[in-house]
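Me: I would like to go through this structure by asking what stands behind each term. Please set the values against the rules.

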Amino acid sequence: MIETVDSQFKEIVSSMPGGVNLNLCYACGACTAVCPVSRIAEEFNPRKIIRMVLLGLKDEVLSGHEIWLCYQCHACMTRCPQDVRFTEIIKALRRLAVAEGYATQDFADKVEDVDAFSKILRKELVKGLYDGDLDEAKAAMIERIKDV
Amino acid sequence: MSKPVMVLGGGIAGIQASLDLAEMGIPVYLVESQPSIGGRMAQLDKTFPTNDCSTCILAPKMSSCANHPLIKIYSYSELKDIRGRAGDFTAVVTKKARYVDEEACNGCRQCLDVCPQYVDDDFNMGIDQRKAVYMLFQQGIPNVAAIDDRFCRFLNRDKNDKCGRCARICPRKAIRYGQRDKDIELEVGAIILATGYDTFAAELKPEYGYGSYRNVVTSMEYERIMSASGPYGGHIKRPDGKEPKRIAFLQCVGSRDAKCDREYCSSVCCMYAMKEAVITREHIKSIDDLSIYYMDMRAFGKDFERYYENAKKQGINFVRSRVTEIAEDSDTHDLKLYAVDEQGRVSEDEFDMVVLSVGLVPRPDVVELCQRAGIKTDRYGFVHADDMAPIQTTREGVLACGVLTGPKDIPETVYEASGAASLAAQLVKDLPGPEIPKPEEVPMRDIGRERPRIGVFVCHCGTNIAGVVDVKAAAEYAKALPCVEYVDDTMYACAADTQGFIADMIKEHDLNRVVVASCTPRTHEPLFQDVLRKSGLNPYLFTMVNIRDQCSWVHMDYPEEATEKAKDLIRMAVAKAYYAQPLQQQVLPKDSSALVIGGGLAGMTSALSLAKQGYKVYLVEKEPVLGGNARLMNTSARGRSFEQYMDELTESVYDHPYITVLTSAHISAVEGYVGNFITTVRKGPDTIKLNHGVIIVAVGANESMPDEYLYGQHPAVMTQLKLERQIKHHVDDFKGKRIVMIQCVGSREPQRPYCSRVCCTQAVKNAICLKEMDPTIQITILYREMRTYGMNELYYEKARRLGVDFVRYDVDDKPRVTVDEDDSNKINVEFYEHLIGRTLKIKADYLILSAAIEADRESNAELSQMLKVPINQDGFFLEAHMKLRPVEFATDGIFLCGMAHAPKNADEVIAQAQGAAARAASILAKEYITTDGMVAKVNRFLCVACGICESICPYKAIAVDPQLHVAVVNAALCKGCGLCSATCRPGAVDLQGFDDSEILAQLDALYSW
């Protein structure tokens, strides 16, 4: 498939909060190599997302599931030598996806629920492990997962 | 004698500037903060792209500084303050207490042996230890000890230990515990700053673990680890002692990094990392993995691209990725690197050792000095340099060269240093200074009736030679050779103390021939000849044997055979020395004007520089107007207008009473030799003969004409230079348009396997210019590797910030360019985007090609024939030495600058042109030309005037005299190559210093003994 390059998309994203240094990316890959999500999901590639934004592949970026995979851990931002704020850019892309109808507000809210739950999940399991009642903790979490 | 100049910093920049000034007859105070001159170059192992030993090429220049009567070295001294103004400065210099009487100390090192206090050795980057009383390095100059008062037990009054051991053992009573820092005032006319750089503190990138992971080292530490004179004697080891099998080099540590406020590129790291990898392979044959992690490989200098290609062929693994972090295995201390490939796969590769290619940063003490002295620095602390005045600072009369003004390699540093000397000379030449007594002439000893008494000195060169050759055995062997009166083995024959020792032995043993078995006569012969001269012996009674290149280097795997060969070579040299005769040098008159060939930016700059120093210049340009390429350009990267600058420069050239401009003129013949050239110039119907003493070749190069991407077939396709013209005259054409630029058009490909250096910066500069005019212009730059080296990186950053897109392409999958089917005014550019893994298309209004810079091969070949100077395989002129002689040819009296040498940016052209002027002036400043003694000599009774020698001589140095009917040698032209002697059938021509008796004696020694 041959696509054309368009710069409007990057102008929109770079004008949003956190998008300020988007253009500075020189594609070194430091963000992707440090990303904990990239290690478990090969399709999640922060550098590639930035490239796609820079080259104007708007439909693909906003309609795909990749932008919702980010943990928001900020590891990429600690390593970027050009101070590109990928975590912030992901937030901007999610807002755009909702605003332009690529995703529903309900979907975005649910992703937040998942984020909140996964944090609780981790906390409870670690605590269970520490207290020696991991099975109990697991069972409690299986009950709660039904609500998400 | 003119007013002195102060040079601050005794690295290669300061050394070069000092030597140039001294050669021009100007006294120099060379001030160095360390106990020895030498600077960073003394710490490096080898230099790229020739892999020369760094110290080996530097040491002769250091010695020349020490030996020059016009250079006064103030080592272990710092500049405190500059008072006054250009032409009339008072420099306040603090001579730090070194607690040693410099006059009394003879560098015997006995104090070093007895000192009980060990200290981390800064010169070896703290990898091993030295004593509190120390000498910076083996070949240090001055060869005098210093006491580090931070650690000395006596000076720190340790109550339990009444030390004073060094004072007790010193045979010269040179220790002075009572010495204190002392301020001295130097009256100088100009000041050259050449203070160099620090390396980036790798601790500031904690993700790489430097400082906590013991096997992560910096590149400067690795240079010392590789060095034969380093802490491991040249055996590459990890700091924990294990020999590494897998080494990774990480680029851009502290460069191109906004996180640590180092946005610029450090210019040299890509090449030094490649060199370190290549040399490592020579050290450890069985190495499994040498990987360089990089973002853009910046092999932009002369012959660098070939080095890069060779490194790839040698199996160096190049990984395009920035390593995000390093993890250490706490048991094995091996290291795991996290990186990502272009397909997005995260890799976790393991290595035994990691070398961080740390960037170059300004020295904080120098930044402070500049603030005190009113010299402007940039936001990083580099001394501010203007594109059109790269060597001047904001304070008049204070000049700057080397990395002090921004990251750069050694050749650029050297020509800037020469350029600084040139500008300083203009300032001080008419100012009266103190009389400096000439060195006393040592009367030559008449050895006519003496039987040969030969001294042999065999050099260890640290482990360079002794690591392979059994030097002691070779020396022992020499003792039994006929007429050998004295033999010794020395650690470094070139060290100042050893030179003194050789002189002492000449006296003590009444030697009248000296043989040194060490390294190459190309760099070191003059040094030893000087020792003989000062000892009252004719310098041609010296014979040198190269047991380093010819034994230890080439036979490193066969130590026994190498030792036998060294003995053979020494035996031959002794046999030759037996027949050595004193030879006489001639003194010839010379002309004090210069010919500059080429009237572009380079030629005009060097012509004006020479004229301002008071020399007459002929400036010959083949075009009807002066200006060359610079006339076609719009602005420099920093936005300076070329038109305005070139107008002013042209006016100054035409107005200068010492410059004669000949436009529409062609060189048709060059005769003569250094000091006495006669050049024939055709100008229209006229033929003009010019007499001059030196020649500067500044013929430039051109933007090539592309043969791809629809160039010449579609009006919307143009080169960068054409774009600059369009921007200047029809900028509105580009408003709101879609523009694509393609880099490396015709560069880095088989027909031109070199990088054209200027195109990345030029493309970025033009893109910025367009974007600033109209932000709605969309620009995409397709590149193979962005090589915006040094401070140019800031323009690459600016272009990205302004929204210019950069997409990488591979040379075997180049962009495809077609005319749009629907709108024939437009051009479709299709290219593969690696990171998202698909082909993209742009419908462009303009396609700009960054065409290669190419030499005019035909005209350069013709000129090289006339001048008898070489051109390289790419058609550019070939300098005498890539690193240390970047503006001169091997042939005396002929210099080069600008793009005739290699593609380069305007600021570099200006610096190099000023550098060439300095080197040329060093000849013009002399009263006479002195010829070499080792020249051909004709026995007129045997000569039959057949003329074969005349036809074969490459230097036109021998010709048959039609009246006398014998061949006659021009000693000033003769290079002593020996071709005439070898071809002469009656055996009438002999090369003095290599005559038949000497050569036959050598052969006899080789085969019959």
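Me: How many residue pairs are in polar contact across the interface of chain A and chain B?

Reply: This is a predicted model. The rule finds 19 such residue pairs between chain A and chain B, with both residues at pLDDT 80 or more.

Me: Which elements of chain A supply the side that touches chain B?

Reply: Those giving two or more residues are strand E1 (3–4) and the helices H2 (30–34), H3 (36–40), H4 (46–54) and H6 (75–79) of chain A. H4(A) gives the most, with five residues. By class, the residues on this side of chain A are 18 nonpolar, ten polar and eleven charged.

Me: Why is the pair B:Arg838 and A:Glu60 called a salt bridge?

Reply: The closest N and O atoms of B:Arg838 and A:Glu60 are 2.4 Å apart. The cut-off for a side-chain nitrogen of Arg and a carboxyl oxygen of Glu is 4 Å, so the pair qualifies. Across the interface of chain A and chain B, the rule finds four salt bridges.

Me: What makes up the area buried between chain A and chain B?

Reply: The total is about 3400 Å², and carbon and sulfur atoms give 51% of that area. In chain A, the residues losing the most area to chain B are A:Val5, A:Tyr26 and A:Arg79, together 18% of what that side buries. The contact takes 39 residues from chain A and 42 residues from chain B.

How values were computed. Residues numbered from 1 in each chain as written. Chains lettered and ligands numbered in written order. Predicted model: local features only at pLDDT ≥ 70, side-chain atom pairs only at ≥ 80, totals over all residues. Heavy atoms only, no water. Contact = heavy atoms within 4.5 Å. Buried area = accessible area lost by both parts, 1.4 Å probe. Polar contact = N/O pair within 3.5 Å; in protein donor to acceptor, adjacent residues only side chain to side chain. Helix = DSSP H or I, 4+ residues; strand = E, 2+ residues; numbered from the N terminus. Nonpolar A, V, L, I, M, F, W, Y, C, P; charged D, E, K, R; others polar.
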